[in-house]
Amino acid sequence: MSFDHSKYRATPRIDLSDRQWPNRAIEQAPDWCSVDLRDGNQALVEPMTVQQKLRMWDLLVKLGFKEIEVGFPSASQPDYDFVRALIDGNRIPEDVTIQVLVQAREELIARSFEALKGAKQAIVHVYNSTSPVQRERVFGLDKDGITAIAVQGAKWVRDYAAQNPDTAWSFQYSPESFSSTEVDYAVEVCDAVIEQWRDTGNPLIINLPATVECAMPNVFADQVEYFCRHSRYRDDYRVSIHTHNDRGCGVAAAEMAMLAGADRIEGTLLGNGERTGNMDIVTMAMNLYSQGVDPQLDLSEMDEIISVVEHCTTIPLHPRHPYAGELVFTAFSGSHQDAIKKCLSKQRDDEHWQVAYLPIDPADLGRNYEAVIRINSQSGKGGVAWVLENDYGLNMPRWLQIDASRKVQARAEETAGELTPSQIWSVFEDAYLRAGGPDIQDFSLTQSNSEHDGQDQLSLHFALHGQAVALHGSGDGAISALLNGWRQHFGDNVEVLDYSEHALNTGTASQAVAYVLLSINNQRHVGVAMHRDVVSASLQAVINAAAQSQATAQRKAS
């Protein structure tokens, strides 16, 4: 078995030295056409049931699609029955047009019009293969023979439509494998088809498919621009694009084709389709959205879209799928988490979105911020701080963020995996709220008055190492009085390096949390406490931190 690149050749490029598409911008959404129920369905190992098709149909209508290809009724009885179910069941909204695909053969075209009988409006999409390999190796025909098939198919479509005047018909033609067809011949055959249709008064579409993606997206864009500039009847029809993803560039090719002159895009939700799939409409629409362009589709309930598509196709969504995947807005990296946290705290409602590492706001797709920052051994202080603030209301000072993140990281390394918010909270509780510090039994605080030189008087009782401790001190506030009492009782050199407190929530049942960083005998100690009363929380935080020095001294003595 060999791996030999020389058996392949590059797709020929066309001479378009004055190409215009690189200097253009996409400023409005294309006309979208979903082909989930046809192209997407025929690529499934197990095609959709009628119930699954109806569920997919309802989703497509809800999202805002105005053109939906519903099947290949001349080639499949289930497709025929589904088209009839939509029409007979009056399930097609007034502003939605269904589309059916058919080969350029009379009996199949007749069957397609039969399936569409009674539809208010419909697109009949006829096609035949035009590439050299199809002409020469499949059909054994020259260009004239292939053009004759296309023209005859167009005539049949025109004539059968005339026999059914109660339906508002649109005609669509695809030179299948356009991307592999000589572009001059593609222009020739499409113009020949349009000549059969242009005097009917029916809206016309020329669809240019990359049936197999065979070149870089810029080459495809050149093909589309060349086609648009050389067609004699360009003003008579919409140019539609149908790209596949064989090279992984289906979306890029469709976007560049729009720059090159395309008006309409065919694709599927989340890219289901033959081989590597169709062009993903969700990704392309969200690309427009992220640039401030209204995609004309409502993708705000992304989880519902995923649920329906997975149910109907039985294909699970990759967690890294653009915009939709479970992990696409998730940061594990510590530096990324820190940047996201800082940006989110500064993001205002009255400004454009400016958040590092998040190209769009996950909330726009119905995602909450719990999924944005997730913690493992690679995470840093910003991520831990975000989880504790977002889920538990803690607005920790920077020094505590650093201290807490070290403890959380150590736990993540022990488990060799991701920590959930509840596990992170458990680490925090164990380290700071259940760290074995002595609980204050009672205290009294007398506000300053002239009798005591304007200083507050504190009397406080707690048990330390089984011994009752009574502290008495005075100072400018409760914490100052407590530290002075500690110095007098234990002889420690203790100073407050930093202190902050805040309410955890609002209302009568709200709690306060206090954070204190002490220097005791030139050693730093952290204290955290929660209480309904802010003074009690502050005093307990100081006791928790100060008691650590006593525990250290006792361990050394033993």
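**A walk through the predicted model**

Both faces of strand β13 are covered: Ala512, Ala514, Val516, Leu518 and Ile520 are buried on one side, and Val513, Tyr515, Leu517 and Ser519 are buried on the other. The model is predicted.

Strand β13 has partners. Strand β12, residues 494-503, pairs with β13 in the antiparallel sense over 9 bridges. Within this pairing, valine 494 has isoleucine 520 of β13 as its bridge partner. Strand β14, residues 523-531, also pairs with β13 in the antiparallel sense, over 9 bridges. Here valine 516 is bridged to glycine 527 in β14. The hairpin of β13 and β14 has 2 residues between the strands. In that hairpin, asparagine 521 takes a positive phi near 55 degrees.

Positive phi values turn up in loops too. Serine 177 is not a glycine, yet its phi is positive, about 65 degrees. Serine 177 sits in the loop between β5 (168-176) and α7. Is serine 177 buried or exposed? Its relative accessible area is 10%, so serine 177 counts as buried; the cut-off for buried is under 20%. Threonine 314 also has a positive phi, near 55 degrees, and is a residue other than glycine. Its place is the loop between α11 (302-313) and α12 (334-346). Threonine 314 is exposed, at 60% relative accessibility.

Now turn to the surface. Asp142, Asp144, Asp184 and Glu188 gather there in a patch of negative charge. Aspartate 184 belongs to helix α7, residues 183-197. With a relative accessible area of 47%, aspartate 184 is partly exposed. Another surface patch is nonpolar. Val138, Phe139 and Leu141 make this patch, which covers about 260 Å². Leucine 141 lies in the loop between α5 (132-139) and α6 (143-162). Leucine 141 is partly exposed, at 32% relative accessible area.

Next come the salt bridges. Side chains of opposite charge can pair when their charged atoms come close. How many salt bridges does a search of the whole structure find? The search finds 32. One of them joins aspartate 79 and lysine 53, whose closest N and O atoms are 2.7 Å apart. Aspartate 79 is in helix α3 (residues 77-88) and lysine 53 is in helix α2 (residues 50-63), so the pair ties together parts 26 residues apart in sequence. Both aspartate 79 and lysine 53 are buried.

The side chain of lysine 62 meets that of glutamate 301 at 3.5 Å, N to O. Glutamate 301 is partly exposed, at 45% relative accessibility. Lysine 62 is partly exposed as well, at 47%.

A further salt bridge brings together the side chains of aspartate 95 and lysine 66, at 2.6 Å from N to O. Aspartate 95 is in the loop between α3 and β3 (97-103), and lysine 66 is in the loop between α2 and β2 (67-71), so the pair ties together parts 29 residues apart in sequence. Aspartate 95 is partly exposed at 46% relative accessibility. Lysine 66, at 39%, is partly exposed too. Finally, salt bridges with shared partners join Asp31, Glu67, Arg238, Arg264 and Glu266 into one network.

How values were computed: Residues are numbered from 1 along each chain as its sequence is written. This is a predicted model: local features need pLDDT of at least 70, side-chain atom pairs count only at pLDDT 80 or more; totals for chains, interfaces and linings use all residues. Side-chain values use heavy atoms; hydrogens and water are left out. Patches are made of residues with over 30% relative accessible area and no salt bridge: like charges are joined within 9 Å, nonpolar side chains (Val, Leu, Ile, Met, Phe, Trp, Tyr) within 5 Å. Accessible areas come from the Shrake-Rupley method with a 1.4 Å probe; for residues, only the protein chains shown count as cover. A salt bridge is a side-chain nitrogen of Lys or Arg within 4 Å of a carboxyl oxygen of Asp or Glu. Lys and Arg count as positive and Asp and Glu as negative; His and the chain ends are not counted. The place of a charge is taken as NZ of Lys, CZ of Arg, CG of Asp or CD of Glu. Helices (H or I, at least four residues) and strands (E, at least two) are DSSP runs, numbered from the N terminus. Buried means under 20% relative accessible area, exposed over 50%, partly exposed in between (1.4 Å probe, protein chains only). Two strands pair if DSSP finds at least two bridges between them.
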